[in-house]
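Work through the exercises below with the sequence and the structure open. Each one sets a task and then gives a solution in steps.

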Amino acid sequence: MKIRLAQSAMQKYDIKAEQNARLLAKSGVFAVDVMGSPGAGKTEILERTVEAMVQDMTVGVIEGDICTERDADRVRASGAQAVQINTEGACHLDAHMVGEVLENMTLGELDLLFIENVGNLICPTRFRSGAAERAIVLSLPEGTDKPEKYPSMFRSCAVALVNKIDLIDVLPVDLAELTLEIRRVNPHMRIWPVCARTAQGMEGWYEWLREGVRRSAAGR
Ligand SMILES: Nc1nc2c(ncn2[C@@H]2O[C@H](COP(=O)(O)OP(=O)(O)O)[C@@H](O)[C@H]2O)c(=O)[nH]1
Ligand SMILES: [Mg+2]
């Protein structure tokens with residue numbers, strides 16, 4: 001009985017995520033969830049990415065945080081149209097929160113949309129936003145055991161950015177081992193070791209995004 005109740009409670013989120021996905025597809029917007037621990041560098045990755053992508057497209061960002069407008073201010077300064085959602089305690093965004101913002105955005109103007117979730121490797125996994133793809137930002141200081149400890153999160157993402165590689169010489173973390181750990185839980189994961197500070201290593205990510213934008217525009 002309890003299980004059935006939990007399933008029907010989740011269903012309304014899945015239905016809304018499906019509606020969001022259809023709206024984004026109809027508008028030709030390529031949307032990507034950006035997830036990871038607090039402090040992994042999600043926003044700094046987005047700052048560099050927005051700076052690079054706004055050269056030839058219009059980029060939007062939905063920022064999810066428990067409180068403050070700080071991340072939205074940061075990506076706005078990089079050139080994105082940004083909307084901040086404050087979840088007021090909730091540890092993840094859900095499709096209804098995202099849907100409300102989508103209804104008030106001029107989606108026809110956007111090519112690419114990022115949805116930065118609340119920093120958390122657990123709850124955002126189950127709550128789909130309606131984005132076409134999901135990316136995880138994992139930083140070197142978090143160590144090599146996170147993929148095995150949070151496998152659902154790593155399995156739900158298509159791509160991983162391993163951030164803060166500028167710290168490789170001062171941390172006891174082996175990048176090859178971390179890559180193996182990621183592949184052990186998700187053999188298909190595309191992985192880019194990057195430094196968001198300098199944008200080092202981010203070209204592959206940018207190309208993957210451009211491909212997604214082309215696909216979404218063609219399917220409009
Ligand atoms: N050394 C280093 N620090 C970084 C890098 N990327 C982000 N940071 C720092 O990590 C902290 C958290 O970054 P932030 O983007 O706010 O992380 P978020 O909580 O995942 O959005 C900030 O102090 C960033 O300046 C990086 O590539 N190298
Ligand atoms: Mg952030």
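A polar contact is a pair of N or O atoms within 3.5 Å; within protein, one must be able to donate a hydrogen and the other to accept it, and residues adjacent in sequence count only if both atoms are side-chain atoms. The model is predicted: local features need pLDDT of at least 70 and side-chain atom pairs pLDDT 80 or more, while totals for chains, interfaces and linings use all residues. Residues are numbered from 1 along each chain as its sequence is written, chains are lettered from A and ligands numbered from 1 in the order in which they are written, and side-chain values use heavy atoms, leaving out hydrogens and water.

**Exercise 1.** Find the side chains that make polar contacts with ligand 1.

Solution.
- Begin with Lys 42, which has a side-chain N or O atom 2.7 Å from an oxygen atom of ligand 1.
- Go on to Arg 74, where a polar side-chain atom is 2.9 Å from a ligand 1 oxygen.
- Then take Glu 116, with a side-chain N or O atom 3.2 Å from an oxygen of ligand 1.
- Finally, consider the area: ligand 1 alone exposes 580 Å², of which the protein buries 78% (Shrake-Rupley method, 1.4 Å probe; for residues, only the protein chains shown count as cover).

**Exercise 2.** Which residues coordinate the magnesium ion (ligand 2)?

Solution.
- List the donors (N, O and S atoms within 2.8 Å of the metal, or 3.2 Å for Na, K and Ca; water is not among the atoms, so sites may look incomplete).
- They are Thr 43 (OG1), Asp 71 (OD) and Glu 116 (OE), at 2.1 to 2.2 Å.
- Their spacing in sequence is T-x27-D-x44-E.
- Thr 43 in helix H2 and Asp 71 in helix H3 are 28 residues apart, a link between distant parts of the chain (helices are DSSP runs of H or I, at least four residues; strands are runs of E, at least two; both are numbered from the N terminus).

**Exercise 3.** Is Asp 71 buried or exposed?

Solution.
- Apply the cut-offs: buried is under 20% relative accessible area, exposed over 50%, partly exposed in between (1.4 Å probe, protein chains only).
- Asp 71 has a relative accessible area of 11%, so this residue is buried.
- Thr 43 is buried as well.
- Beyond four places in sequence, Asp 71 is in contact (heavy atoms within 4.5 Å) with Thr 43, Glu 63, Asp 65, Gln 84 and Glu 116.
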